[in-house]
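Here is a friendly walk through a two-chain model. Please keep the viewer open as you read.

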Amino acid sequence: MGPVTRFGRWIFAQVEHLGRLFVVLFATAYWFVRPPYRIRETFRQMQYVGVGSFLIISLTGTFTGMVLALQTFYAFVTFNAESLVGATVALSMTRELGPVLSGLMVTARAGSAMAANLGTMRVTEQIDALQTMAVDPIEYLFVPRITAALIMVPVLTVYFNFLGILGGYFVGVNYLGIPPGPFVTSIVNLTDYDDLTTGLIKSCFFGLILSFISCYKGYTAGEGAEGVGQATMQAVVLSAVLILVSDYFLTDWLF
Amino acid sequence: MIQVLDIHKQFGEQKVLDGVSLNIPRGEILVIIGGSGTGKTVLLKHLIGLLRPDKGHIFVEGVDICHLRSWELKETRKKFGMLFQGAALFDSLTVAENVAFPMREHTRFKEKEIMDRVQDHLADVGLYGIEDKHPSELSGGMRKRVGLARALALEPEIVLFDEPTTGLDPIMSDVINELILNTQRKLGITFFIISHDVKGAFKMAHRIAMLYQGRIVEEGTPEEIQSSGNPILQQFLTGSSDGPIQAG
């Protein structure tokens with residue numbers, strides 16, 4: 001097979017992949033608004049995505065706030081602007097670090113599990129079994145997971161922000177000696193609801209991205225353990241990249 | 001009940017089905033035999049619309065399923081039950097939840113009636129007291145029997161079997177074959193079985209057909225198949241490496 005033929009076949013394969021992606025995307029959007037609404041399964045997924053991620057979000061949120069306070073203090077102390085550390089930590093957490101890092105942590109934990117779960121179902125013919133029993137796999141598998149991520153990623157983001165600011169306060173006041181009054185006052189004076197809401201809008205988008213990509217990669221996994229492993233890896237990498245890329249465009253749009 | 005007319009299917013460069021035609025009358029057990037990789041599972045997946053042929057037609061009760069839209073195909077699929085090669089039980093559900101699944105999806109039975117029916121279906125396949133177990137806790141034979149109970153849950157008109165005895169020891173294979181035979185006699189529904197278990201095929205089938213290189217090379221009653229002079233068929237039945245069928 002010559003290089004031109006190989007290149008042509010590669011183009012066709014990419015177009016086919018893109019076509020399949022859009023077919024699944026439109027089917028997902030269709031089933032989002034059509035019954036049956038699997039309330040119990042959605043709550044089960046919310047427990048897994050949300051409640052199950054509390055520990056990892058607690059650790060990453062707290063330590064992110066702590067290191068941010070530390071780094072900001074060392075930079076601001078040269079300008080006698082230590083009193084602005086509180087506002088800097090709060091603004092950074094609510095606008096950027098909260099939604100992005102929450103999205104990445106949920107991708108690593110729940111997104112990888114979604115891809116592996118659906119990939120295993122694919123290679124053991126459980127997805128075929130759903131279809132033979134006249135149950136649409138998109139409606140049964142995708143919608144509860146995506147709904148769960150859409151609801152819980154913003155909730156986790158709020159929790160991440162709270163712990164990050166608390167961690168920053170702990171380091172700033174107790175370790176770096178910033179007076180508590182100016183620390184808190186700067187947060188109150190320089191942050192407003194828009195900083196929180198724009199971060200939550202971003203987290204909704206990130207929840208949609210990571211859950212859809214993870215479900216799609218698992219749904220289209222290749223054969224065997226190799227196929228499931230590849231699908232899981234691609235789900236995490238692609239979700240992470242799309243979160244970071246979309247973060248730029250969402251920031252540009254929202255601010 | 002089902003008519004397969006000249007179906008062709010290709011994956012990339014590989015032609016898997018090359019003009020397959022079959023008639024499956026109501027109430028019959030038809031067994032398709034053939035070596036590994038001859039397209040038996042591909043043929044079976046066409047009957048329930050998991051795959052669509054590149055060319056040809058498949059009529060289920062007079063309706064060509066190759067041109068149905070997805071929601072129309074869903075209604076047709078309710079007439080079918082299917083037992084997959086690995087049983088394809090849902091890992092996250094218990095045995096009872098697996099067997100109850102089709103009833104919860106497609107009927108308005110109350111929960112108590114569903115559970116009563118689950119116990120009846122499990123009893124029909126010789127399983128008792130395992131309702132709360134998960135598929136990972138079951139042996140291969142038990143998983144197949146739960147899979148069969150689930151396939152029969154909606155009292156379908158036709159049941160498809162994808163190599164029901166593959167991976168089982170000879171005794172369990174015969175248990176499954178007996179179960180299939182007794183179930184068909186009791187319910188009178190159509191069974192379409194793909195298998196390379198020749199002994200099981202002769203035990204169960206009303207008719208046997210052999211698939212080789214994407215085509216049906218011989219079809220008939222077990223007696224007709226046994227006495228056929230077709231060299232491809234005879235090599236497969238005797239299990240000889242010497243003959244027109246080349247391994248690999």
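The report below covers the model, the sheet, a helix pair and the chain contact.

## About the model

This is a predicted model, in which local features need pLDDT of at least 70, side-chain atom pairs count only at pLDDT 80 or more, and totals for chains, interfaces and linings use all residues. Residues are numbered from 1 along each chain as its sequence is written, while chains are lettered from A and ligands numbered from 1 in the order in which they are written.

## The sheet of chain B

In chain B, 4 strands make an open antiparallel sheet ordered E2-E1-E4-E5. Strands pair if DSSP finds at least two bridges between them; strands (E, at least two residues) and helices (H or I, at least four) are DSSP runs numbered from the N terminus. Strands E2 (14–24) and E5 (63–64) of chain B are at the edges with a single partner strand each, so one side of each has no neighbour in the sheet.

E1 (residues 2–11) of chain B pairs with E2(B) over 8 bridges, and Lys9(B) sits opposite Leu17(B) in E2(B).

## A helix pair in chain A

Helix H3 (residues 54–76) and helix H4 (residues 85–123) of chain A pack at about 145°, with axes 10 Å apart. Axes are lines fitted to C-alpha atoms, for helices over the stretch in contact, and angles run from 0 to 180 degrees between N-to-C directions.

## Where the chains meet

Chain B gives 15 residues to the contact and chain A gives 10 residues, with contact meaning that C-beta atoms, placed from the backbone, lie within 7 Å. On the side of chain B that touches chain A, H3(B) supplies the largest share, 4 residues.

Terms used
Two residues are in contact if their C-beta atoms, placed from the backbone, lie within 7 Å.
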